[in-house]
Amino acid sequence: MEYGSMSIQRLQSGRWLNWGIRFFLTAALTASQTAGGYAPFALGCIAAAGPGADGAAALLGGVTGALLFLDFQQVLALAAVGILILTAATAFRDTAFLQKPWVLPVLAAGMVLAVGGIYVLQSLDPLSHAAPCAAASALTGVSAHFFTRLFQPEEDRLAPEGLLFLGAALTLALGDLTILNVSVGRVLLCALLAYTAYDQGPMTGVTAGLGLGLITDLSAGTSGLFTAAYGVAGLCAAKCRRRSMAALAFFSGAAVAMLTSREELAQTLLLETVAGSLLFLALPRRIFGGKRLLREAAPDTTQRTALKTHLNRAAEALRELYDSMSRTPPPQEENPAVIFDRAAEKVCRGCALCELCWQKDYTATFNALNDATPYLLERGKAKAKDFPVHFADRCIHLSELLQAINGELSAFLLRKQYRRQLEETRRSAKGQYAQMSDLLTAAAAGLSGAAPAFGEIPACVIGAALRPKEGEMVCGDTMEAFRTDSGLWCLLLADGMGSGDAARRESSLTCRLLRQFLEADIQPEAALTTLNSAMALRGAETGSFTTVDLCVLKGSEATFYKFGAAPSYLKKNGAVRRITGSSLPVGLRGTPAAPDITTVTLEPGSFAVMISDGVADPSRDEWLQDLLAGWGGDDPQTLANLILSESIRRERLQDDCAVQVLYRLPESEQPV
């Protein structure tokens, strides 16, 4: 009981703390006002507090602060908007509608616009009061968005942009506090902006500068002075590495924007940025986390080496996990005899003939059950005719025994199916661990400081031709030809199952994924193995598969990778070499499978020809080999068109056709 009392006391103290934070924070934010006497930050805080006691605490704090900082008419307007926001939030508190992140900000902005619009319409000059009302409405919605991420964070840590917005709103509350005609609030805001830009970089610096400048303009009643000055100052400070240079750049950027303005506060802004820059320089070094110092001290090669080490360690861990699973023997198949053992335990134990059947005539009983096993396993159900006549005639509880055997048989078959599924999942997981290990190893290899030494990048020309199946508007084959940053020439050809748009989607997806792997410097074999497993999972849902033909040219070495693809051909003068494979297409095998790999030398003046199976039947492609052997040109596009036209004449476009030809230029034609 004492422990429970302590827990209740802690819970109550935590609630009081939350209510106190919302009360005092909202009260303080009422001092941050925009033109027209609006307090949008306080209203945004009320909306972000949500329904129930939290929202009531924020509303009470807002009204208290309004009584201190606002006129009575403005107090009534703020109280009206706050009550409407809290009422709406409470009404929808148990609905999924309120959980959407945009609901509270839009709700708060709408309430400000509705209540403020009434005051605007009743004023003597509605047009001049409409803009401040609209600005306050928008600023209330923005405040509610940022404050919600502080009061109700999605993670355990607070959102940094929410903290920045809150800090800006609180410093603006000190905007009217001046020392020697310099606003204390705007000096603090300059220091906050300089720190944010310097620590977070150019994009955050200019975004925060423009946002804070716009809010300051709305509060001070100026037309773009602070927006321009803070935006330029934030961008300039973010570009500097040293803090002293960042402070100087912040002041210089604000000064440039100030020189182009005729606002009365321009000179004051200059003094405020000077004071803010000095305050930024006075900040303790430890609040920067050593990021800039580390960035300057650690060269890029050191970071690469550390990242490479981490990737290699992760790859080793995954490989070790794969090896440990490989060392674990698969589960043994369960002996069907367990069916009869468990059935006999239920039926035969209390039978008068139990001793005769299971002791004196044990061998005959065992043989009778053993002979019946193939029939009941094949059928999935035991019948009296499965057992020998001498056994069936002697058993006085045959019907009960058959019922018990069928029950145990169903359980046996379910356990067998479960073990097979478990083993399949185990094999799939093993393959995924191995593939991830290979990918991480390949990624680590790509982080080496020097580019891979592939020798000179060969000069190549590529030709391609594509035609859909007769009667189709879209070709189901997809081709890609590109050169990676590391100097590899890559030719891709994928043939989707069937024809038409469905086949095209599958083949284009395969080519796109594989190209992304190769352009990321993932080794072709690792990329293809990973792609095969991924497409197998997709094929389990769609029932489709895709053949993949990949040619990678590295220096003078051409490597062909095939997953169910049609033959490829290597032509040098009148000699033609045929390159084949026997692997299944991707998507047909769930377990990790490696492609067929053939490496050849592609000499200058040679052709590499890749085709889909619609161009030529692999069992009768002599005509294609003869065409390649007899052709004496040097234009790969002409050769691709010639192969396609001859295929159409012979095969009549019974399937989609794709031809891709790579020609390595002779030494005499290499570009200088």
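Residues are numbered from 1 along each chain as its sequence is written. Because the model is predicted, local features need pLDDT of at least 70, side-chain atom pairs count only at pLDDT 80 or more, and totals for chains, interfaces and linings use all residues.

**Exercise 1.** Describe the largest cavity and its lining.

*Solution.* A cavity is a set of points on a 1 Å grid over the protein atoms alone where a 1.4 Å probe fits but cannot get out; lining residues have an atom within 4 Å of a point. The structure holds four cavities of 30 Å³ or more. The largest contains about 120 Å³ of space, where volume is the space filled by probe spheres set on the points. It is lined by 14 residues, and the closest to its centre are Cys 348, Cys 351, Cys 357, Trp 358 and Cys 395. Two or more lining residues come from each of α16 (354–360) and α18 (389–394); α16 gives the most, with three. By class, the lining has eleven nonpolar residues, two polar and one charged.

**Exercise 2.** Which elements supply at least two residues each to the lining of the second largest cavity?

*Solution.* This cavity holds about 50 Å³. Its lining includes Leu 493, Asp 495, Thr 547 and Asp 549. The elements asked for are β5 and β6 (546–554). The whole lining divides into four nonpolar, three polar and three charged residues.

**Exercise 3.** Check the length of helix α12 (residues 266–281) and list its buried residues.

*Solution.* The expected span is 1.5 Å times one less than the number of residues. Buried means under 20% relative accessible area (1.4 Å probe, protein chains only). In α12 the buried residues are Ala 266, Thr 268, Leu 269, Glu 272, Thr 273, Gly 276, Ser 277 and Phe 280. An α-helix has 3.6 residues a turn, so residues three or four places apart point the same way.

Conventions. Side-chain values use heavy atoms; hydrogens and water are left out. On a 1 Å grid over the protein atoms alone, a cavity is a set of points where a 1.4 Å probe fits but cannot get out, and a pocket is an open set with protein on both sides within 12 Å along at least five of seven lines; lining residues have an atom within 4 Å of a point. Helices (H or I, at least four residues) and strands (E, at least two) are DSSP runs, numbered from the N terminus. Ala, Val, Leu, Ile, Met, Phe, Trp, Tyr, Cys and Pro count as nonpolar, Asp, Glu, Lys and Arg as charged, and the others, Gly among them, as polar. Buried means under 20% relative accessible area, exposed over 50%, partly exposed in between (1.4 Å probe, protein chains only).
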